[in-house]
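Hi everyone, thanks for coming. Please have a look at the structure I'm putting up, and then we'll walk through a few of its features together.

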Amino acid sequence: LVEQFSGLGLNPSGKNIDVDGLREMISMIEAAKADELVRAQAQLEAGTVDFLGLAELYRPGAAVVGPAGSFGEECGFQVRACRYAEHKTLFGLQLSFHLELQFVG
């Protein structure tokens, strides 16, 4: 049951979940991509963003406003996660950006 809840982003125990080595892995990735992160952060500060900087704009926990489904009214959401994906097409690889949002009202 806990696995099912955690797959939905819920933590019924309320305890922090610690994955051995996760923080070290994140630090290694951030160090390897430091130039790209600095560039994306500089773009955000300047008020612009390119496709590869979207992950810096939509960091987990960020508040966003947008339409909910086919309703015309805008609603509030919180970013749960984001990711890039590559798809093979007739024209080569296509990169797409995906957001996971949580409705907050």
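Phenylalanine 77 is buried, with a relative accessible area of 12%; buried means under 20%, exposed over 50% and partly exposed in between, using a 1.4 Å probe and protein chains only. A quick note: this is a predicted model, where local features need pLDDT of at least 70, side-chain atom pairs count only at pLDDT 80 or more, and totals for chains, interfaces and linings use all residues. Residues are numbered from 1 along each chain as its sequence is written, and side-chain values use heavy atoms, leaving out hydrogens and water.

Now, aromatic pairs. Rings of Phe, Tyr and Trp (its six-membered ring) pair if their centres lie within 6.5 Å; planes under 30 degrees apart are stacked, over 60 edge-to-face, and the rest tilted. The count here is four aromatic pairs. Phenylalanine 77 sits in strand S2 (residues 74-89) and phenylalanine 103 in strand S3 (residues 92-103), so the pair ties together parts 26 residues apart in sequence. Helices (H or I, at least four residues) and strands (E, at least two) are DSSP runs, numbered from the N terminus. There is also one aromatic cluster, formed by Phe51, Tyr58, Tyr84 and Phe97.

Finally, helix H3. What does H3 reach from its first C-alpha to its last? With 13 residues, H3 reaches 18 Å, close to the 18 Å expected at 1.5 Å a residue, where the expected span is 1.5 Å times one less than the number of residues. Just after H3, glycine 47 takes a positive phi of about 85°.
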